[in-house]
Amino acid sequence: MAANIPTNSQVQGGIGAAVPHTGHDEHHDEHDHHDQHWLFKYVFSQDHKVIAKQFLITGIFWAILGGTLSSLFRLQLGWPESTMEWLTPFLGKWIEAGKLNPEFYLALVTMHGTIMVFFVLTAGLSGTFSNFLIPLQVGARDMASGFMNMLSYWFFFLSSVIMFTSLFLETGPASAGWTIYPPLSALPQAIPGSGMGMTLWLVSMALFIVSQLLGGVNYITTVINLRTRGMSMSKLPLTIWAFFLTAILGLLSFPVLFSAALLLIFDRSFGTSFFLSDIYIAGQALPNVGGSPILFQHLFWFLGHPEVYIVIMPAMGMVSEILATNSRKPIFGYRAMIGSLMGISLLSFVVWAHHMFITGMNPFLGSVFMFLTLIIAVPSAVKTFNWLATLWRGNIRFTTAMMFSIGFVSLFISGGLTGIILGNAALDIQMHNTYFVVAHFHLVMGSSAFFGLFAGVYHWFPKMFGRMMDEKLGYIHFWLTFLGVYLVFLPMHYVGIAGFPRRYYAWTGFDTFSQFADLNKFISVAAILAFFAQFVFIINFFYSIFRGRRATENPWNSTTLEWTTPVVPGHGNWPGAIPAVYRWPYDYSKPGAEQDFIPQNVPYSQTQSSNLPYEREME
Amino acid sequence: MIALGIFLLLLLLVVFGLLFRIQILTSIFSGSSTREIGTSNRVNAILMLVFLVLGGAWFAYSFADNFGKMNPPIASVHGHEMERLFWITMIIIGIVFVLTQVLLFFYSYKYQHQEGRRAFFFSHNNKIEIIWTIIPAIVMAGLVFAGWKEWTKITGPAPKDSVVLEVMGKQFNWLVRYPGRDLKLGVVNYRLIDATNEFGFDLNDKSGLDDFVAGEIHVPKGHPVLLKIRSRDVLHAVYMPHFRVQMYAVPGMPTKFWFTPTVTTDEMRAKLGNPKFNYELACNQICGRGHFAMKLNIVVDEPDDYVAWVAAQKSFSEQNPDVLAKLKQKSGDVVEKEVVPAATAAVGAQLNPAL
């Protein structure tokens, strides 16, 4: 591959349009081999690659915890009559006379949701790969501001510590559901988790939002300003487009959650009535009048809906990249893929109230949001068809990353389609807050995003750690997880169609919800097995960091810039000059080319045999 | 017990680790670790196909197997239309589901790596992309239109002659109030709530004197019913799966939902062959410790039985003269008629204007 990397003189000769960081290059050459104190190299590092790994490993920690919580409440849902005495050593007083405390059950579902949505799939996914890939794929030495990037991680870390601490409070962690709707979340009289637990939740989320904004500003600036020479926006890999748009979504929507959290803090602590009105609780009429709990929902979902795209879009980007690489084919409809990402980003801001059809909101608003919501199915459909067309007549290599990408597409279809039902206001009357919703979003954003995350880790592991993950273990991990996910979430739709409400500690009190005890047991078994299958990944991951097979520079024969760096890129990413870019990132199996891939940094003059007519002018 | 569990887990890990080492050593020995694309590629391609066939078969079987248990029997007019729209949409998305999943796994199998073959360089095709953008757009437009029609009908204003009742959520049960003979719900004030006056009746308002509270919901068959929904503490949601009714109960913001029940409780018991069957109202918005147990029974009566049931009720003021007295003292007003029974004539007339 080294032969393809343009020489220094080529790069230097082309100073012109987009080389704002040439001076920066020289500066880096001087400092490249500086010995850093380990504390600044591994802990308070400003290197985007180290920060990415910090996000990843923190994310893995949170994912294990989030999964454990879900196993606990699946135990309760699968075997509502059984004793849980054996969990006393772990849960202590939350086991009362052999039974799980119902308030702690609500704390479990709340923390599971919070952890998975924010700490794993937002910070762990986007934080890891935006950090790792943006500078490497656009051809930059590092993020625009390494210091802010470091702060971004440490704010996340601080937020993590606070959220983790809240799990051990005597009154329990936040328990009002991950959507923390007031008044339940505002009144400690309503549920003990709304005391100190909720306070810590809000403080933690405020810090989390700061972390997201610091990261987002950096991602956007880096993509706009630090692209290498020749890397126009229309030559960016789809991963970068996805991270870029994700960062914009986050930047525009997280502040709204911040405002919601702030107003809630005011209501809780300073006697305001933004969300409270006409409340009589615990034998007392509260003085608050005139607030609206529905206002909170508007603010929450104004973030909350873009949030699900913040979770899924990075996965979409990585999957597009991995599908193309391993099908050895260009991604089908590159421009349509960018267009649909933009369409999704735009629409994601005007669909939030589809979470609120039956809150008593004006039905006319419901009609508007139903219309906008169902439009968003169109760009999603386009993406799916384009992924299928990318596989068509490919030459597919089933790397573990590829398996997870195919799994992603499958889960995205399965979960996305039921969104057409839930986005329909008339049908949502029956389905709202049932297990149908739970099954829908666990497939389309939960599992899919997880599959994107796994695909990304397996694919870019060699660049992160210079070693390969074990493929066989990867296959085992994939098949167990893939089967597990479907065995859990397909039957969950049946339970949902039957109207089983979510966040129920037990359904045994209702005759209406008595028919699926066996199925719930089945779902619980599948969920717990699928959770344990993740340890195959954890073992593989940590084992391979230290003992994996050594990687080569470009193990997947891929075209993007990160594969032109050394096996383990150092600080500054490229030892010499940053390569320039001449072509789009998907020249796979181009007719007439020697190999079945042409990296982005190979000029057209070197590939005369494969240039298309319009490319000849650029030779 | 726990020690044994941990020991077994550790043992399992050790065995697993050993197997893993052996696998790596054999793959190095056989040379497959250096081969770029080995037999596992073929195995995985076949597994993709196997997954499609067996997985699809399992899904079809389990869906059919559970289908009977999936649908709560319908007992309202709009419920039938919603159900139809639901299953039409399910069929449409089912077709797309099958088509795309089959293509996904079939392509994965069919286009698995083969030595010497090169993938087809196919970067885009505007015509086909326009087609597959427009088709989903048209289907979506149809579904939006059908849904919008249904939605406006369901959420439109309730008929003027609807039977009105109020459902109020509180931690952790439901309270029900009927307007009595004047067909008007009296004024309430949350500051007046206490252990006896759970609704916060302000009995200075005369239209509240004949209101009565009930331990369960009774509604007449074949007549529109308007639920006025309130909450007095946190969010709750009135969820009545058999009637396809759901609406949040919001403190400080009354909501409503109207529907027309079509099957009486007795008819449904006979139909299902289950003499213990009851329509149930569940809370469907997380509200605290007792969320999962916030249940209320709903009884659908023949209109005559409903009128008779109303006749048997005693108004709140009648049952709680002390509340009335206390309120009177407070306001200094003299309420002329101290106690107003919940009379039936008006209710009967409402159900059957011919009476």
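Just after helix α9 of chain A, G271(A) takes a positive phi of about 75°. This is a predicted model: local features need pLDDT of at least 70, side-chain atom pairs count only at pLDDT 80 or more, and totals for chains, interfaces and linings use all residues. Residues are numbered from 1 along each chain as its sequence is written, while chains are lettered from A and ligands numbered from 1 in the order in which they are written.

**Helix α9(A).** Helices (H or I, at least four residues) and strands (E, at least two) are DSSP runs, numbered from the N terminus. α9(A) covers residues 238-269, 32 residues in all. The expected span is 1.5 Å times one less than the number of residues.

**Strand β6(B).** Residues 236-240 of chain B form this strand, and 5 of its 5 residues are buried. Buried means 20 or more other C-beta atoms within 10 Å of the residue's own, with C-beta atoms placed from the backbone. H236(B), V238(B) and M240(B) lie on one side, A237(B) and Y239(B) on the other. In a regular strand the side chains alternate between the two faces of the sheet.

Two strands pair if DSSP finds at least two bridges between them.

| Partner strand | Bridges to β6(B) | A bridge pair |
|---|---|---|
| β7(B), residues 245-249 | 5 bridges | H236(B) with A249(B) |
| β9(B), residues 279-283 | 2 bridges | V238(B) with C283(B) |

β6(B) and β7(B) form a hairpin with 4 residues between them. In the turn, R244(B) has a positive phi of about 55°.

Leaving aside neighbours within four places in sequence, V238(B) is in contact with residues including V167(B), L227(B), V245(B) and L281(B). Contact means C-beta atoms, placed from the backbone, within 7 Å. A nonpolar core is a set of buried Ala, Val, Leu, Ile, Met, Phe, Trp, Tyr and Cys residues joined through C-beta atoms within 7 Å. The largest one has 280 residues, of which L184(A), A455(A) and V238(B) touch the most other members. Helix α6 of chain A (residues 102-138) gives the most to this core, with 22 residues.

**Domains of chain B.** An automatic or database assignment sets the bounds: domain 1 is 39-111 + 128-156 and domain 2 is 163-351. Their centres, taken over C-alpha atoms, are 40 Å apart. The contact takes 9 residues from domain 1 and 13 residues from domain 2.

Note on methods
A residue is buried if 20 or more other C-beta atoms lie within 10 Å of its own, exposed if 12 or fewer, and partly exposed in between; C-beta atoms are placed from the backbone. Two residues are in contact if their C-beta atoms, placed from the backbone, lie within 7 Å.
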